[in-house]
Amino acid sequence: MNIQFQICGLCILFLLIIFYKSHKNLELYKEKVFYSVLCIITGSLILDILSLVMIHYRHNLPAFFVNFICKTYIVSLIFGACAAFLYVWADLSSEVTHRKIVSRSMLVLLTESIVVYVIPIYIFEEGRITYTYGPATIAVYIFTVTYILLTLGFTFHYREKINKRRMFAIVLWMFIWMGSAVIQFCHPEILAVGFSGAIGTLVLFVVIENPEANLDRTLGCFNSYALVEYISQFYAEKKNFCVLEISFENQELLEKNSMDAYEIMKSVLHILKNYESILVFKNISFSLVLISRTPENLRAAGREIFTYFKDTDVLDKSVSFIMTEKTDVFSGMEELDRFLVFARKEYEDEKGIMIETNEKMVEKFKEQYSIGREIENALAEDRVEVFLQPIYSNHSKAFTSAEALVRIRKEDGSMLSPGVFIPVAEENGQILELGERVFEKVCAFLRDTDAVKMGIHYIEVNLSVVQCEKENLAERLISIIEKYQIRPEWINLEITETASIKARKSLLYNMNRLIEYGFSFSLDDFGKGESNLMYVVEMPVSIIKLDYDISKAFFQNPKAQHVVRAVVGMAHDMKLNVVAEGIEQQEEIDAMEQEEIDYIQGYFYSRPIPMEDFLNFIRNAPSCEGKR
């Protein structure tokens with residue numbers, strides 16, 4: 001009997017089943033779908049061998065029985081092709097929807113099977129050449145090819161939604177199957193169709209379904225890829241689950257005390273072996289994520305882990321425990337992950353105790369997350385706008401500069417307040433892209449308009465603390481300047497005292513590099529918070545901007561008058577210019593000029609206005625000297 005290929009394929013499939021069942025599985029619905037495919041292909045190959053045995057001994061067996069086995073084998077080919085089609089749908093639908101598709105497919109398969117069983121089949125055997133033919137075989141070819149084409153068609157049509165590795169494996173399997181059918185048709189002695197099913201299943205296993213792909217090799221628990229797959233299923237089924245994240249954040253402290261985070265994690269995993277209902281995942285960062293359907297299990301596990309940690313001061317300072325009981329309030333894995341990061345920052349000073357998140361924290365996060373998404377969409381849809389607030393020069397008696405201020409226009413046309421989105425952008429890092437977007441728009445404005453010809457010497461652009469911490473700040477800004485081909489002296493970069501405190505070393509390097517290139521700098525918000533004159537000494541700025549509060553205090557407090565006069569005198573002695581912010585009244589204008597303040601910025605002259613209106617403002621500005 002010519003069953004060598006089938007025996008080899010069957011051995012491959014049995015090994016896959018043994019290997020698959022001997023490893024930890026997440027019990028995901030997609031895993032169950034794959035296991036069903038594996039079993040169907042194995043059954044088909046067994047029937048292939050059995051049909052060949054029946055054909056070989058058909059003269060000693062009832063004809064109807066031999067025909068029944070042969071038809072059952074070719075029917076199993078239809079089931080195998082349909083299983084591949086349903087396997088594709090596992091990536092495109094929820095478990096509930098997929099089960100409905102399976103139910104409907106079973107009705108179609110039953111109808112197709114009845115057709116095959118009621119029409120004739122014929123057997124050919126001559127030496128090593130053995131095959132079946134006739135109407136039943138033709139019907140199977142039609143049904144099978146239809147499923148293969150449907151599988152390929154749906155795979156390519158929904159390629160953006162299907163896991164890329166799964167798509168590759170499915171397409172490769174289908175082509176292997178069609179190739180083997182062509183080979184067997186041209187060379188009937190090579191019975192490769194059944195064997196190709198085993199090879200296709202092996203491809204699925206190696207590329208996408210290998211259980212070891214879900215395991216962290218060092219710890220033996222599930223990895224971050226498995227975490228995404230597992231949580232995604234909960235959200236697809238709209239089911240709640242509980243999360244306890246144990247983060248080992250202070251790596252330097254652990255190393256200083258000769259402690260290894262992986263060894264500590266292994267100790268935690270050893271404790272968690274007693275909790276079968278808890279699944280443990282190693283996240284990308286140094287953290288373990290514990291998931292259970294019931295919060296009591298997580299609390300009990302947390303208490304036992306605390307007992308292990310309680311006598312270790314280093315761990316109390318290095319490990320954070322964040323438990324979230326209600327996860328169905330989040331839209332998916334991405335939002336949940338951002339919430340855990342948010343919770344860690346909220347409680348970054350509280351280590352060694354288990355923090356249980358509450359509704360108030362979730363609401364606070366939701367608000368920030370919503371704002372973050374609004375910023376993200378505004379950046380993608382170019383709804384980030386730059387407003388310019390004119391700055392008046394007391395020496396030139398004209399508007400010679402302006403400060404660029406970022407604004408976000410919502411989809412409904414209203415503006416999102418900077419006081420709302422700036423803190424969120426600084427917190428989540430979006431301020432980097434916002435800052436560069438503002439810088440680019442200012443560069444484009446200076447390149448594409450007559451602002452410089454109309455007397456604008458420079459435009460001030462704020463640098464956030466996050467930008468100042470980046471070592472490649474100078475390179476990024478210089479590359480943008482060169483892209484728009486404008487002169488660097490047309491832009492003044494504003495830094496704050498906070499930035500100079502947090503990123504002094506990298507900031508000084510970048511400032512010197514940018515000043516060499518032609519930029520200038522101003523120190524913004526001087527007089528706000530803990531002003532330190534050493535900032536003025538150390539930072540190579542050319543302008544000091546008096547904060548709104550200190551400008552207002554000048555008119556209310558004699559002490560503030562002495563401070564402002566001292567700052568102005570010091571600045572002028574150091575060849576620095578001074579800008580007074582927040583000036584709103586005529587008497588404030590007169591006083592600031594009397595104190596020899598160089599520049600005035602405030603609502604007295606203008607609120608921040610859109611870029612497109614700024615040039616009209618400058619062009620139509622009345623003589624401010626005459627106004628006084």
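Guide: Let us begin with Lys-238, which occupies the loop between α8 (224-236) and β3 (242-248). Please bear in mind that this is a predicted model.

Visitor: What is the phi of Lys-238?

Guide: The general idea comes first: most residues other than glycine have a negative phi. Lys-238 is not a glycine, and yet its phi is positive, at about 55 degrees.

Visitor: Is Lys-238 buried or exposed?

Guide: Exposure requires a relative accessible area over 50%. Lys-238 has 77% and is therefore exposed.

Visitor: Which values describe Gln-485, in phi and in relative accessibility?

Guide: Gln-485, also a residue other than glycine, has a positive phi near 55 degrees. Its place is the loop between α18 (473-484) and β12 (491-496). With a relative accessibility of 72%, Gln-485 counts as exposed.

Visitor: How does Ser-506 read, buried or exposed?

Guide: The cut-off for buried is under 20% relative accessible area. Ser-506 has 16%, so this residue is buried. It belongs to helix α20 (residues 504-517). Beyond residues up to four places away in sequence, Ser-506 touches Cys-468, Glu-469 and Glu-471.

Visitor: Turning to helix packing, at what angle do α3 and α4 cross?

Guide: The axes of α3 (residues 63-89) and α4 (residues 95-118) come within 10 Å and cross at roughly 155 degrees. Because angles over 145 count as roughly antiparallel, α3 is roughly antiparallel to α4. The crossing of the two helices is right-handed.

Visitor: Which residues make the contact?

Guide: On α3 they include Phe-68, Ile-74, Phe-79 and Trp-89, and on α4 they include His-98, Ile-101, Met-106 and Leu-109. By class, the residues of this contact comprise 15 nonpolar, four polar and two charged.

Visitor: Which residues is Phe-439 in contact with, leaving aside neighbours within four places in sequence?

Guide: Phe-439 is in contact with Val-461, Leu-477, Ile-480, Ile-481, Ile-491, Leu-493 and Phe-519.

Terms used: Residues are numbered from 1 along each chain as its sequence is written. This is a predicted model: local features need pLDDT of at least 70, side-chain atom pairs count only at pLDDT 80 or more; totals for chains, interfaces and linings use all residues. Side-chain values use heavy atoms; hydrogens and water are left out. Axes are lines fitted to C-alpha atoms, for helices over the stretch in contact, and angles run from 0 to 180 degrees between N-to-C directions. Helices (H or I, at least four residues) and strands (E, at least two) are DSSP runs, numbered from the N terminus. Angles under 35 degrees count as roughly parallel, over 145 as roughly antiparallel, 65 to 115 as roughly perpendicular and the rest as oblique. A crossing is left-handed if the near helix is turned anticlockwise from the far one by less than a right angle, and right-handed if clockwise. Contact means heavy atoms within 4.5 Å. Ala, Val, Leu, Ile, Met, Phe, Trp, Tyr, Cys and Pro count as nonpolar, Asp, Glu, Lys and Arg as charged, and the others, Gly among them, as polar. Buried means under 20% relative accessible area, exposed over 50%, partly exposed in between (1.4 Å probe, protein chains only).
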